[in-house]
Amino acid sequence: MTIDDAYSDAYRALADVHGGDEAHWAFGTGFDDPLAGVDTTLPSTVDGAALAAYCLMLGDDALVLAQRLTEWCTRAPELEDEVALANIGLDLLGQARLLLSRAAQADPSVVPTGGAGVAEDGLAYFREQHEFRNVRLCEQDNGDFAHTVVRLLVFATWRLAALTRLAASVDPVVSAIAAKGVKELTYHRDWAARWVIRLGDSTPEARSRVEAGLAGVWPLVDELFRPSTVESGLAAAGAAVDPAGLRPEFDAVLAEVLGAAALPVPDVPPAALVGGRAGRDGVHTEALSYLLAEMQSVARAHPGATW
Amino acid sequence: MSRVSTVDELARVRAVAAGVLDPELPVLTLADLGVLRDVRLTGAGGVVVTITPTYSGCPAMATMRADLTARLRAAGYADVEVRTVLSPPWTTDWISDAGRRVLAGHGVAPPGPAPRRPLGPVPLTLTRPARAVACPRCGSPDTEEISEFGPTACTAIRRCRACREPFEHVKEI
């Protein structure tokens, strides 16, 4: 088959290389380990259980927000932005798959049974709400488009600051995942920042929406910078990032974006903790239970199913 | 086995792996896209191929693995292992000159040089960078970006102001 033939009929091109193997027709069939063949040796200085807990934190952030962003499919104000939100969700889902797989390698005991032997599926579909380690910011409902872009700006700014530093992690797999993620998050943050400015610098209606988005998101900002014992311990070993140290960069970026739109930095108190605990401790809001019910229902109704 | 024949065989097996097409941009080979990182023979007559994903969420990795295995088996190598490598991260700078010509010939504008960033915090880019991207259809340099996110993770959408056609652009990472 020539390249021109392949281009005119991608389906035939695939058929040609697959030699009639039906397993290849749909992406989504037979997902295999995204870390297949990666050297997964754990550095001797890193505690496997702690690294697994840390990878679940960063992986769950990405997984839960990816799920939220896909809710925009068929509902975004413009096709281009729907495609952007879906692409950002796909990047985050990819980061989540890598991180959940790394968690399972670092400590296989974190994986519940029920994923038909696929670690990332077990972690995504068969953990209970209190076992998720994402920050509460990620599980919040989307709200309107302004709320969604404000939340994404806050999240991408925090995560880009974290992954930039995490690229120097002593764990080579986490380091590699972070270095890839930096490139992706740079695009995510720019997209969200431009939308916040565009809305904030627009009609009174748009501006009031973005102000409401900021007021709704800001109570969950402080939680991003509360170090858990897992993070503090791993940061001391050079494997993780202490989130408290990310605050100056976060504040500078948000000041630049909000300043460009003449939007005030919100002055609202942080959301209450529950007995001193929050998302990183498995304490979540009601919003996560609905999200998980939808995300996990098919896998739980048909455990081990393939298609 | 003589040294020369091993070299010949390695060249042959490399050529087979290098010719596999990318599932999402099936005009480009995996070698031209820069995701094929290494091909080597094991002492026991097997082949080890190393690939890297373009984006973390690239949905085509499993298909690439299956395609490589199928092609190499068809070429007579029963023992094929496809490994993933994540580091260094893929960059559009790895798309070959031949790959760039093929993309342009099929209406997809190739990427410019990937951004080089100093160590430390990544700077914000609040206005879209002025990229010099010629229209792959009419050649006009007068094009504008519609969105940095396109139909695949790798592409942005642009529009030509001269011939009015929209087109995809492989965005720089």
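Hi everyone, let me begin with two helices: H7(A) and H9(A) cross in a right-handed way, meaning that the near helix is turned clockwise from the far one by less than a right angle. A quick note: this is a predicted model, where local features need pLDDT of at least 70, side-chain atom pairs count only at pLDDT 80 or more, and totals for chains, interfaces and linings use all residues. Residues are numbered from 1 along each chain as its sequence is written, while chains are lettered from A and ligands numbered from 1 in the order in which they are written.

Back to our pair. Helix H7 of chain A covers residues 145-166 and helix H9 of chain A covers 204-217; they pack at about 50°, axes 8 Å apart. The axes are lines fitted to C-alpha atoms over the stretch in contact, with angles from 0 to 180 degrees between N-to-C directions. Helices here are DSSP runs (H or I, at least four residues), strands are E runs of at least two, and both are numbered from the N terminus. Among the residues making this contact are Val150(A) of H7(A) and Leu214(A) of H9(A); contact means C-beta atoms, placed from the backbone, within 7 Å.

Now, what does Cys55(A) touch, not counting residues up to four places away in sequence? Its partners are Leu99(A), Arg102(A), Ala103(A), Ala106(A) and Val174(A).

Finally, the two chains. Chain B puts 41 residues in contact with 54 residues of chain A. On chain B's side, helix H3 (61-74), strand E3 (80-84) and strand E5 (143-147) each give two or more residues. H3(B) gives the most, with eight residues.

Note on methods. Contact = placed C-beta atoms within 7 Å.
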